[in-house]
Amino acid sequence: MFITLEGSEGAGKSTLIDSLKEYFKKNKIEFHFTREPGATKEGQILREILLNKAIEIDPYTETFLLLADRLQHVSKIIIPTLAENINVISDRYIDSTYAYQGAGRGISLEYLDQIIKPLNLPVPDITLYLDLPVEEGLKRAKHRDDLDRFEEEDIKFFERIRSFYLEQAKKNPNRFFIIDSSKDKEEVFEISKNLILDKLNET
Ligand code: T5A
């Protein structure tokens, strides 16, 4: 099974992943955890460029760098792991590109479809979207000392991203699940874990 986690800055994906890792390990359920950008050696170099706030990157260049990272990720990690019947959870994937580069940066969704669809990338079985009011997410993210190139964007950028994710959830109710991440960490974990276990039992 292939699961993706989505959400805007500070929504709590990394926190949720730590709890899921611990739970799956304890219960001997095999999962491979991965993330974008930067899961492969090559992707790590691309991640450094993408998050570097000392440089300016054109939105189209940004998109192609993210797709380069994704192709390495899919071919070196996601496809081989799924082929071994090991479940995969990725922190961010295709929906992030439509949300950030599409809704956020203003690249048309038709254009993104034209460059992404021919890649025939695996489609997640479920996507958990951690939803949080933008200001709350940014407040959480700003606890970190150093903001990256994305985190420096203005609030409207993140509002567009959040609206896009919420719309996606309405359009894809069988794949896309909204988790209210203003709830406390334990509750976010319980809801997410139960959704994943339900889906695992179905397959
Ligand atoms: N990107 C990525 C694109 O633009 N397009 C793409 O196609 C892709 C793949 C990656 C950036 O790349 C962009 C989007 C991103 O900006 P990243 O460093 O990987 O950047 O960061 P993010 O994925 O944005 O993740 P963050 O680290 O910002 O946030 P998390 O992981 O969602 O949040 P987390 O768990 O670190 O939590 C933040 C703080 O909140 C607390 C935590 O303790 C922590 O202090 N917290 C809670 N507090 C209260 N209640 C809860 N339920 C809490 N959960 C967490």
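Predicted model: local features only at pLDDT ≥ 70, side-chain atom pairs only at ≥ 80, totals over all residues.
**Exercise 1.** Check what span helix 3 should have, and whether its ends agree.

*Solution.* Start with the residues: helix 3 runs over 59–83, which is 25 residues. Next, apply 1.5 Å a residue, taken one less time than the number of residues.

**Exercise 2.** Find where helix 3 bends, and describe its start.

*Solution.* The bend is at Val 74, by about 45 degrees. Then go to the start of the helix. There, a side-chain oxygen of Asp 58 comes to within 2.8 Å of the backbone nitrogen of Tyr 60.

**Exercise 3.** Say what the buried residues of helix 3 pack against.

*Solution.* First pick out the buried residues; among them are Leu 65, Arg 70, Val 74 and Ile 78. Then list their partners. The strands are strand 1 (2–7), strand 2 (31–35) and strand 3 (87–91). The helices are helix 2 (41–51), helix 4 (94–104) and helix 5 (109–116).

**Exercise 4.** Which residues touch the most other members of the largest nonpolar core, and which element gives the most to this core?

*Solution.* The core has 28 residues. Tyr 93, Tyr 100, Ile 116, Phe 158, Ile 161 and Tyr 165 touch the most other members. Helices 3, 4, 5, 6 (134–141) and 7 (155–171) each give two or more residues. Helix 7 gives the most, with six. Apart from this core lies another, of 20 residues, including Met 1 and Ile 179.

Note on methods
Residues numbered from 1 in each chain as written. Heavy atoms only, no water. Helix = DSSP H or I, 4+ residues; strand = E, 2+ residues; numbered from the N terminus. Bend = angle between axes of the 7 residues up to and from the residue. Buried < 20%, exposed > 50% of the residue type's maximum accessible area, 1.4 Å probe, protein only. Contact = heavy atoms within 4.5 Å. Polar contact = N/O pair within 3.5 Å; in protein donor to acceptor, adjacent residues only side chain to side chain. Core = buried A, V, L, I, M, F, W, Y, C linked by side-chain atoms within 4.5 Å.
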